[in-house]
Amino acid sequence: MGAPESIYTEDSYAAYKSAYEKAVEVKDDQEATRADVESATAELLAAYDALEIVPVDSSLELDADTVVSSASGDYSESNTADRMFDNDLSTYWESPYGGSNANLPKDVVIELNDTYVLEQISFISHTLQNGGVTDYTISVSEDGSEWTQVTSGTVDANEYKRGNNVRVDARFVPVKASYIKFTVNGAVGRIPSEDNMYGRIAEMIIYGSTDVNKTALSALYDANVNKVSDDFTPASWTVFQNALTSAKQVLDDNMTTQEAVDNAYEALDAAVKGLALKADFSALDEAIKNAESINTSAYTPESVLALDKALEDARLVLANENATQDEVDAAVKALEEAISGLCETTDPETPTDPSDPTTPTDPETPTDPDTPVDPEKPADETPADPETPTTSDNSMLGVYAGLLAVSVLALFVFLRRKKEAN
Ligand SMILES: [Ca+2]
């Protein structure tokens, strides 16, 4: 399309694109008049001139001490090319100003210590008109032999004649480079006859970054940077914030390595996945209040102990703002189980009161003390006696028998005495 989109402001590029498309329409229109073509061409050129370059990110300035391996080119006296990188505006690279080599164009080649993605070369020509660069070309190369022109430009010579330092910011579409070739095509001389004989550059500043791919990290960062802390547990949020901060530092570091980028991506990805939503504690809060309201005196010590333990655990979970929903749910369940596991002791509400003599069941006390059963008195007053005759003279018969026995005995004693007398 003729103009690299990425380095221009959105509005100026949109205007340019519109003018370009209109010019193409006119060109393809067989009916277009010469005036139509001239008008469209003028508008396109105006839009091109109006293209506004977005300033380079200043954080992309590369440290020349680190990235510049060497700078070489024809020079005058002691004004070698490395003087473009000494942070001193009073020193400069100057192409030969005398002899057969005093002519333009002249190149200065800068070798970098690695491959970088470059976006801008800025240069400051020396003051006092001597060699102020009015026309330049910048090319880059990855191998030092095959060159690609990335930009070119001109500077109004009058800028130098005012005696000021002139800084030129040569912006271009990001490009990989291990070498930079700066070509001085035109320069103002100390006197008009020295114009275009030699050029001077006091300082050169290189903008770019290490050749790493930050696309994935950048996308992951953008997708998560607007997350809100209120939704997540403080512990997981802290991990996430740290990873986000580290990712931002890596994204902003133009000298970072691919390894650092990859590590930052992994850390941020893990932190995003590790973000834990804050738990809903309302059910647990309610369950604890419910458990606390129970009068435990009615239950066995073992079951009350189990409830106390569950209650203690539940309070710990309630106090832990990093608790997960699963932990909260488990604590509620444990508490409910402990409550349903409460075991009542022997009915303590209706005890037998031993101090109340009106309603005791006393096995030791006769129900009726006034009509005792006498265990000494036989229940039957006329027991049957199988040894005694039922006749009325039973008693006399015994007397006879006794008398008879006595008589027999007396006879025996008599007979015995009689025998002894013999
Ligand atoms: Ca210098």
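Analyst: One definition to begin with: a residue is buried if 20 or more other C-beta atoms lie within 10 Å of its own, exposed if 12 or fewer, and partly exposed in between, with C-beta atoms placed from the backbone. Buried residues make up 24% of the 422 residues in the protein. This is a predicted model: local features need pLDDT of at least 70, side-chain atom pairs count only at pLDDT 80 or more, and totals for chains, interfaces and linings use all residues. Numbering starts from 1 along each chain as its sequence is written.

User: How many helices and strands does the protein have?

Analyst: There are eleven helices and eight strands. Both are DSSP runs numbered from the N terminus, helices being H or I with at least four residues and strands E with at least two.

User: Take β4. Which strands does β4 pair with?

Analyst: Strand β4 (residues 132–141) pairs with β6 (residues 166–188) in the antiparallel sense over nine bridges. Six bridges join β4 to β5 (residues 148–154), also antiparallel. Pairing requires at least two DSSP bridges between the strands.

User: What are the bridge partners of I138?

Analyst: In β6 the partner of I138 is F182, and in β5 the partner is T151.

User: Is β4 mostly covered or mostly open?

Analyst: Mostly covered, as seven of the ten residues in β4 are buried.

User: What about the hairpin of β4 and β5?

Analyst: Six residues lie between the strands, and G144 takes a positive phi near 85°.

User: Switching to helices. At what angle do α9 and α10 cross?

Analyst: Roughly 160°, with the axes of α9 (residues 301–319) and α10 (residues 325–340) coming within 9 Å. Axes are lines fitted to C-alpha atoms over the stretch in contact, and angles run from 0 to 180 degrees between N-to-C directions. The two helices are therefore roughly antiparallel, a label for angles over 145 degrees.

User: Which residues of α9 and α10 make the contact?

Analyst: Among them are A306, L307 and A310 of α9 and V328, A331 and L335 of α10. Contact means C-beta atoms, placed from the backbone, within 7 Å.

User: Last one: where is S76, and what is S76 in contact with?

Analyst: S76 lies in the loop between β1 (68–72) and β2 (93–94). Leaving aside neighbours within four places in sequence, S76 is in contact with E94, S95, P96, Y97 and Y198. The C-alpha atoms of S76 and Y97 are separated by 6.6 Å, though the two residues are 21 apart along the chain.

User: Why does S76 count as partly exposed?

Analyst: Because S76 has 19 C-beta neighbours inside 10 Å.

Conventions: Parallel < 35°, antiparallel > 145°, perpendicular 65-115°, else oblique. Contact = placed C-beta atoms within 7 Å.
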